[in-house]
Amino acid sequence: MEVPILKQGGYVIATIQGALSDEDLLRLQDNLVDRVGKYRSKGVIVDVTALDVMDSFATKTLRSIAYMIKLRGAETVICGIQPEVAFAMTHLGLTLEGISTALDLEEGLVLLDQRTHARGTSSER
Amino acid sequence: MAKKDDLQVQKIPSQVVADESWSELLRQLVAHLRQNSAQLRQEWARRITQARLLTAMTQDEIFAEATTIYDNYVDALESGTFEALQAYARQLSERIIPRGVETDEVIGIVLLLRDVLARSLFAKYQHDFPFLNRVLDAYEPAANSIANTVAVSFVKERERTITQQQEAIRELSTPVLQVRERLLILPIIGLLDPQRARQLTEQLLQGIRTNRAKVVVIDITGVAAMDSNVANHLVQTVEASRLLGATVIVTGLSPEIAQTLVTIGVDLTKMNTVGDLQGGIEEAERLLGYKVIPVSEQLRKE
């Protein structure tokens, strides 16, 4: 299943629509890392609301995406993790350490605003 | 009437004949038990005391209960239905469980009654062995199912009490409260076992979603002891909450718990801890951008 990637202002938003295979995840990773440079975005949001299972590969890929995006000079926020998924993930020891998370898309946008604003002011000094 | 009987005899003659002698036997049996009830009841009560059963109850109480159980018992034998006895057993269990009567005592007294009655039958029919055998054929299955019914009622009542209490504790144990917009507190009181920790985490995660919480204060002032298991549960709760975008502040670690955690080497560096609930709420307000100032101060500024 292809994940649509939308450009919204200075951000890139990827909304996962359903269960993804490992190849889908890798393609998402390639596309996101590519688009972030192409659109000169400051932030990326990956919305996983539709996922009701998150396995170790998905977690690992999300983590890689966040680190790669960081290297490309932007911030990543993962949003919309379901309570059951969060519970299962912590039980399996799958954490998203050092990666910003938010309740839903709206919260994610607010968080990105804060992050990029903070970065913006620090670079102006 | 006669015609009806004829029809039945034609259909299944042998069984009807057997039934008739069966019910006749039971009738005789019941008559015998009713006639000698006073004496048998006394004998039963004596043997209960002798066997040191129902020690939580006084002699008079035992005798009073024995009388009622005896009557119910004979009624059940006569009618072959156990509803009344079942209801009585349930009632009795309700009364005696809080007084510390054990399952083996209840089963013990019912079995004693069965023995007392069987002995009286032996004594009565000892001269006619084949007839005694037939009487016992009628008596034993009925007596066994009665013993069964009473024991099962008792155990069921007991289980019901236990489940009720468990549910009460479970419901009491984990309130998730909203104190400000986007700020939840979760006071934990008592023991944290794996099952409770799991339930608590689930409730908290649902609470975070429904209240759209940004900050959660978990107060563990009421947790008396903590080991590495409990600490790990707490860490997991914190991580799961973070995945939903909420920050967790843990408050109220007692000096003992702080010492234990450091001694056993649990890594709590990922956790945000504040001394007490007040401090935790203040910190949470700071994170959310609230500032509480007294009205007088505000007036002075204006």
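B:Tyr125 is buried, its relative accessible area being 10%, and B:Phe131 is likewise buried at 15% (buried: under 20% relative accessible area, with a 1.4 Å probe and protein chains only). In this predicted model, local features need pLDDT of at least 70 and side-chain atom pairs count only at pLDDT 80 or more, whereas totals for chains, interfaces and linings use all residues. Side-chain values use heavy atoms, with hydrogens and water left out, and residues are numbered from 1 along each chain, chains being lettered from A in the order written.

Over all chains, one aromatic pair is counted (ring centres within 6.5 Å). B:Tyr125 and B:Phe131 form this pair in an edge-to-face arrangement (planes over 60 degrees apart), with 5.2 Å between centres and 70 degrees between planes. The charged end of B:Arg41 sits over the ring of B:Tyr70, 5.9 Å from its centre (CZ of Arg within 6 Å of the ring centre and within 35 degrees of the ring normal).

In chain B, five strands (DSSP runs of E, at least two residues) form an open sheet of mixed pairing in the order β1-β2-β3-β4-β5, where pairing requires at least two DSSP bridges. Strands β1 (177–180) and β5 (272–274) of chain B each have a single partner strand, so one side of each lacks a neighbour in the sheet. Parallel pairing over three bridges joins β4 (residues 247–251) to β5 in chain B; B:Thr251 has B:Val274 as its bridge partner. Helix α9 (residues 228–243; DSSP runs of H or I, at least four residues) of chain B packs on the sheet, touching β2, β3 and β4 of chain B (heavy atoms within 4.5 Å).

Terms used:
Axes are lines fitted to C-alpha atoms, for helices over the stretch in contact, and angles run from 0 to 180 degrees between N-to-C directions. Rings of Phe, Tyr and Trp (its six-membered ring) pair if their centres lie within 6.5 Å; planes under 30 degrees apart count as stacked, over 60 as edge-to-face and the rest as tilted. Buried means under 20% relative accessible area, exposed over 50%, partly exposed in between (1.4 Å probe, protein chains only).
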